[in-house]
Amino acid sequence: FGLCSGLTQICDRLFRKELQDTNTFPSLTQARFMFSGCTNLTGIVSNAFFLGASELTDLGDGLNTTPWNSSGTFGGLNGFFADTKITGYFDTFLAPLTKLRNVRGMFYKSSVNATLKNCYYYEGSTIMERSNTVSDKLFANNPSLYQAGYFFANNTSLVGCIPPNLYSACKKSIAYLSAAFYNCTGLTGTDLETGENIGIREEWFSGASSLINVSDFLRGCTNFSGSLPKDLFKGCTRLQTVSSMFESCSGLIGELPIELFNDCRSSLTATYYMFCNCKGLTGDFPTGVYSKAEGITAYEMCGSTTEGALKVVTTVTDPYTEVAYSTVVGISPNLVTILLPDVGYCVVPIIGEVTKVEQYGLLANCTNLTRTDYMFHECNGLKGAIPNDIFYTDSLTKRYNVLTTTANMFYHCGFDKTYVDENTGIHYFCDANLLSKCPALTNISNMFRGIKLPSCQLYMNMFAR
C-alpha cells in the first residue's frame with residue numbers, strides 16, 4: 001500500500017478478521033514498508049494488528065542503506081508506517097512477532113512531523129495512556145531484533161524519556177540503532193510518570209555484544225538532558241560507528257568519561273561529529289592513567305622468555321616512517337626502547353622501573369578509525385590541555401593507518417592549559433608526538449582553530465613524523 005495517499009484510517013487487525021480467530025500465515029516472513037508514504041493514514045496501531053503473522057521477520061527498509069543525501073539531510077527511507085499521520089500505538093503491538101529482525105524506519109518521517117505522540121496499554125479491559133511516548137515494553141518480545149534504526153526519527157512530538165531497559169530483550173542480537181531518535185526534540189530524558197531524570201543510561205547498550213552502529217542515535221535532540229555513563233558501551237566489542245551520536249545535544253552535561261571506548265577499541269571505525277556542538281560537556285579533557293609497576297622486570301613486562309637477552313638501544317628506526325624514536329608517545333620521555341630477540345622491540349623506563357598502563361587515552365589503540373573530524377567541534381566547556389595520548393598506541397609499529405581526517409576535531413574547544421615539556425620546562429601548544437602515529441592523514445584543517453591557550457610555542461617537528 002506504499003504511497004496510497006487515499007488510505008485514511010488504519011484497521012485494528014490486518015491479518016485476522018475477529019480477535020478470537022486462530023488463523024496464521026505460516027510462510028509470510030516479509031512485509032516491508034507496507035504503508036510507507038500513505039500520507040493521509042491516521043489512527044492508532046492496536047496490540048492486535050499483527051496477530052496471525054507471527055512468522056514475520058522483516059518489516060523495515062534495507063538493513064544498511066542510508067537515507068542521507070549530499071546536503072546532510074534526510075533524502076527518504078521506507079519504513080512500515082513512514083510518513084503517515086499515525087497518532088499513537090499500543091506498547092505491545094510488536095509482541096506477536098517473536099522472530100522479528102528488522103523494523104528500520106517504523107515511524108520514520110522524512111521531515112519534521114508532530115503527529116505521533118500517544119502510547120497506550122490495557123489495564124484489564126480498560127485502555128490506558130502512558131505518560132511517556134516510548135514504552136519499555138516496545139521490544140520486550142522481540143529477542144532476535146537486529147535492525148531498529150530510524151525507528152522514531154524526526155517525530156518531534158515524542159515526550160518523556162527513553163526507558164533504560166528498552167533494548168534489554170534483544171541485547172544479544174541488536175546491531176543497528178542508527179538515528180533511532182534523530183531530531184526527536186520533544187524528548188527531555190525525564191520520566192513523566194515519576195518526574196525522575198532518566199537521561200542517558202548505560203543499560204541502553206551495555207552488554208550489547210552484537211551492536212555495530214549507533215550513529216545519529218540522539219542527534220538533534222536539543223532538549224534531552226543527561227550525562228555520559230562510563231559503561232555506556234561496556235561489552236560492545238563489535239561497535240564500529242558512533243558518528244554524530246550526540247550531535248547538537250545541548251542538554252548533554254558533565255565530564256567526558258575516559259573509559260567510554262574501553263571495550264570497543266579494536267572495532268571502532270568512525271567517531272566524527274559524535275559530540276559536535278555539545279557545549280554542556282565540562283571538565284578537563286581526560287587523559288590516560290599510567291603508573292610504575294614495582295617488582296615487574298622488563299622481561300615479564302614484554303613477555304620475554306629469554307633471560308638475560310636484553311639489549312638496550314637508545315634509538316630505533318621506525319620501519320614505516322624511517323624516523324628514529326627513543327621515547328614512547330603519550331607515556332613519558334624517560335623511556336628507552338629495548339630489543340628482545342624472542343619478542344621484538346619493547347619499551348621500558350631508563351631508571352629500570354616498568355610503566356604500567358592502567359587506563360588508555362580516549363581513542364588510544366583505536367587503530368581502525370577512519371574519521372574523527374568535528375568530534376568535539378564547539379565543545380567549549382571542555383578544558384585542560386590538548387590530550388597527548390588521544391592517538392597513543394602501545395607499539396611502535398601499531399599505527400592509525402586508515403585515519404584520513406581530523407579536521408575541525410577540536411575546533412573552538414575550551415582548552416586552557418599548555419603542554420609542558422618535562423625535560424626543558426618549555427610550554428608548548430601540544431605534544432610533538434600527538435599525530436606521530438597517524439601517517440594516513442589527508443585533512444587536518446581547522447583541527448585546533450579558535451583554541452585560546454596561554455602563551456606557548458609549537459614544536460618545530462610536530463608534523464615531521
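This is a predicted model: local features need pLDDT of at least 70, side-chain atom pairs count only at pLDDT 80 or more; totals for chains, interfaces and linings use all residues.
**The chain as a whole**

The chain has 465 residues, and 53% of them count as buried. Its secondary structure consists of one helix and 17 strands. Among contacts with a separation of 6 or more, 84% join residues 24 or more positions apart. The chain exposes about 19100 Å², and carbon and sulfur atoms supply 49% of that area.

Strand S3, residues 118-123, pairs with S4 in the antiparallel sense over four bridges. Within this pairing, Tyr121 stands opposite Met128 in S4. Two residues lie between S3 and S4, which form a hairpin. In the turn, Gly124 has a positive phi of about 70°.

Positive phi values also occur in residues other than glycine. Tyr374 has a phi of about 60° and is found in the loop between strand S14 (354-359) and strand S15 (382-383). Asp216 has a phi near 60° and belongs to the loop between strand S4 (126-129) and strand S5 (226-227). Asp216 is buried, with a relative accessible area of 7%. The side chain of Asp216 takes part in a network of salt bridges that also links Arg219 and Glu247.

**Nonpolar cores**

In soluble globular proteins, nonpolar side chains tend to be buried together. Here the largest nonpolar core has 105 residues. Those with the most contacts inside this core are Phe181, Phe233, Phe246, Phe275, Phe376 and Phe410. Apart from it lies another core, of seven residues, including Tyr108, Tyr150, Ala153 and Ala179.

The surroundings of Phe275 can be listed. Leaving aside residues up to four places away in sequence, Phe275 touches Leu228, Phe246, Leu252, Leu256, Leu260 and Leu281, among others. Its contacts also include Met375, Phe376, His377 and Cys379.

**Salt bridges**

Side chains of opposite charge can pair when their charged atoms come close. A search of the whole structure finds 11 salt bridges.

| Glu55 | Lys99 | 2.7 Å |

Glu55 forms a salt bridge with Lys99. The pair links distant parts of the chain, 44 residues apart: Glu55 is in the loop between strand S1 (42-45) and strand S2 (85-90), and Lys99 is in the loop between S2 and S3. Glu55 counts as partly exposed at 23% relative accessibility, and Lys99 is partly exposed at 39%.

**Aromatic pairs**

The structure holds 48 aromatic pairs. In one of them, the rings of Phe285 and Phe415 have their centres 5.9 Å apart and their planes at 50°, so the pair is tilted. Phe285 lies in the loop between S7 and strand S8 (289-293) and Phe415 in the loop between S15 and S16, so the pair ties together parts that are 130 residues apart in sequence. Both Phe285 and Phe415 are buried.

Phe410 and Phe448 form another pair, with ring centres 6.2 Å apart and planes at 15°, so this pair is stacked. Phe410 lies in the loop between S15 and S16, and Phe448 is in the segment after strand S17 (427-428), so the pair ties together parts 38 residues apart in sequence. Phe410 counts as buried at 0% relative accessibility, and Phe448 counts as buried at 17%. Phe410 is also among the residues with the most contacts inside the largest nonpolar core.

How values were computed
Residues are numbered from 1 along each chain as its sequence is written. Side-chain values use heavy atoms; hydrogens and water are left out. Buried means under 20% relative accessible area, exposed over 50%, partly exposed in between (1.4 Å probe, protein chains only). Contact means heavy atoms within 4.5 Å. Accessible areas come from the Shrake-Rupley method with a 1.4 Å probe; for residues, only the protein chains shown count as cover. Two strands pair if DSSP finds at least two bridges between them. A nonpolar core is a set of buried Ala, Val, Leu, Ile, Met, Phe, Trp, Tyr and Cys residues joined through side-chain atoms within 4.5 Å. A salt bridge is a side-chain nitrogen of Lys or Arg within 4 Å of a carboxyl oxygen of Asp or Glu. Rings of Phe, Tyr and Trp (its six-membered ring) pair if their centres lie within 6.5 Å; planes under 30 degrees apart count as stacked, over 60 as edge-to-face and the rest as tilted.
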